[in-house]
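Hi,

Here is the structure I said I would pass on.

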Amino acid sequence: MAMIPINRPFLPPRDEYQNYLKDVWQRNWLTNDGPLANELEKNIKDYLSINHCLFLSNGTIALQVAIKALDLKGEIITTPFSYVATTSSIVWENCTPVFCDINPLSFNIDPHQIEQHITPRTSAILATHVYGNPCDIDTIENIAKKHGLKVIYDGAHCFGTKYKGKSVFHYGDITTASFHATKLFHTIEGGAVFTSSTELLNKMARLKNFGFTGVERFDGVGINGKNSEFHAAMGLCNLKYVDSILQKRKASSCYYDDRLKGLHITKPFLNPDSEFNFSYYPIVFKDEQELLLVKSALELAKISTRRYFYPALSSLNYVTAGPVPIADRISKTVLCLPLYFDLSDEEIDTVCNALIRALNT
Ligand SMILES: *Cc1c(COP(=O)(O)O)cnc(C)c1O
């Protein structure tokens with residue numbers, strides 16, 4: 001029996017990609033704000049109805065550029081339940097992550113616990129819209145305004161998600177995205193920053209290009225956050241398929257829901273003001289022992305799953321953290337099931353049958 005992976009990157013028809021490459025060869029313009037990178041930024045902005053977007057080399061650099069652009073110092077209140085890059089980028093930028101526990105239903109940062117972590121050294125809130133499910137954006141915004149804090153959203157999972165009818169990338173001072181091959185929309189490697197401030201946009205454009213402001217002129221410290229024409233070409237191809245990718249993932253998720261009905265597993269509670277993009281299919285078991293039992297039973301059946309996110313980021317060996325009991329519990333009991341564009345209903349049947357059998361033993 002064939003292996004069912006946790007994820008299979010979407011690939012467009014090869015001739016569509018090759019058509020873009022013909023032009024690249026003709027122009028011999030491979031990177032540095034090339035025409036395809038510019039076209040991709042424009043098409044993403046049109047698709048999402050958003051004002052500003054910068055295409056960057058990956059989602060981690062996007063976070064670092066965002067932190068640098070806002071000139072953040074001291075402590076940044078963040079979530080312990082995210083991918084490691086959310087925390088590592090804070091530390092890389094010489095700031096201190098302060099972990100605020102998550103809401104047990106949404107798995108996003110619990111805004112009602114944020115204020116107790118604010119000190120005179122706090123400069124910002126960096127929250128992840130976990131699995132593409134928006135945070136409690138309005139409450140976070142009110143707290144930030146009240147205390148004069150900046151807000152960055154790690155929107156790595158959120159391509160296609162809407163909050164109150166708009167792309168979720170609209171919110172916060174800056175939202176970052178990842179276009180890594182495993183994400184719903186990808187450019188092989190890649191990422192982006194979104195902001196509604198022209199000033200921040202210009203600053204980030206400078207930061208991603210060594211601080212370059214003109215031939216032989218540099219203003220401030222910068223980094224190389226550029227991306228290439230080859231990556232942009234993949235994005236231009238894939239963007240044409242995003243609607244069908246979103247539809248297919250929704251259909252597969254509903255099919256999973258149907259097949260897993262009645263089991264004693266739970267799923268994150270979706271933000272009622274949002275349109276979800278079905279980026280992942282996470283399920284939560286009653287305890288870690290049950291998760292491990294199911295995970296190894298699925299492995300025997302050649303089905304791979306991912307403990308996404310485990311361990312909680314508060315346990316990284318370069319941070320100090322107070323107690324975050326909910327993040328600890330969720331990270332020990334959550335498992336993501338295979339979900340990707342060409343996953344068939346028969347394969348979902350195979351996954352669900354193996355899962356149900358494991359839970360019944
Ligand atoms: C994937 C991911 C990142 C990092 O993105 P890269 O493009 O791989 O650097 C950051 N945060 C979250 C939540 C992610 O899932």
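This is a predicted model: local features need pLDDT of at least 70, side-chain atom pairs count only at pLDDT 80 or more; totals for chains, interfaces and linings use all residues.

Arginine 121 sits in the loop that runs between strand S3 (96-99) and strand S4 (122-128). Leaving aside residues up to four places away in sequence, arginine 121 touches Lys73, Gly74, Glu75 and Thr96.

Now for the overall layout. Where the two meet, 40 residues of domain 1 are in contact with 37 residues of domain 2. Together domain 1 and domain 2 bury about 3300 Å² between them, and 65% of that is on carbon and sulfur atoms.

Rolling a probe the size of a water molecule over the atoms shows where empty space is left. Here that gives 2 cavities of 30 Å³ or more.

The largest cavity holds about 60 Å³ of space. Where does the largest cavity lie relative to domain 1 (14-239) and domain 2 (242-360)? It lies between them, because both domains give residues to its lining. The lining is made up of Asn7, Arg8, Pro9, Phe10, Ala181, Thr182, Lys183, Leu184, Ile245, Arg249, Tyr340 and Phe341. By type, that lining comes to 7 nonpolar, 2 polar and 3 charged residues.

The second largest cavity has about 50 Å³ of space. Asp33, Ala37, Glu41, Phe55, Lys208, Lys226 and Asn227 line it. The count for this lining is 2 nonpolar, 1 polar and 4 charged.

You'll find asparagine 209 in the loop between helix H6 (198-207) and strand S10 (212-214). Is asparagine 209 buried or exposed? Its relative accessibility is 18%, so asparagine 209 counts as buried, the cut-off for that being under 20%. Again not counting residues up to four places away in sequence, asparagine 209 touches Ile223 and Lys226. Lys226 is also one of the residues lining the second largest cavity.

Cheers

Methods. Residues are numbered from 1 along each chain as its sequence is written. Side-chain values use heavy atoms; hydrogens and water are left out. On a 1 Å grid over the protein atoms alone, a cavity is a set of points where a 1.4 Å probe fits but cannot get out, and a pocket is an open set with protein on both sides within 12 Å along at least five of seven lines; lining residues have an atom within 4 Å of a point. Grid points are joined across faces, edges and corners, and a volume is the space filled by probe spheres set on the points. Ala, Val, Leu, Ile, Met, Phe, Trp, Tyr, Cys and Pro count as nonpolar, Asp, Glu, Lys and Arg as charged, and the others, Gly among them, as polar. Domain bounds come from an automatic or database domain assignment. Helices (H or I, at least four residues) and strands (E, at least two) are DSSP runs, numbered from the N terminus. Buried means under 20% relative accessible area, exposed over 50%, partly exposed in between (1.4 Å probe, protein chains only). Contact means heavy atoms within 4.5 Å. Buried area is the accessible area (1.4 Å probe) that two parts lose on being put together, summed over both.
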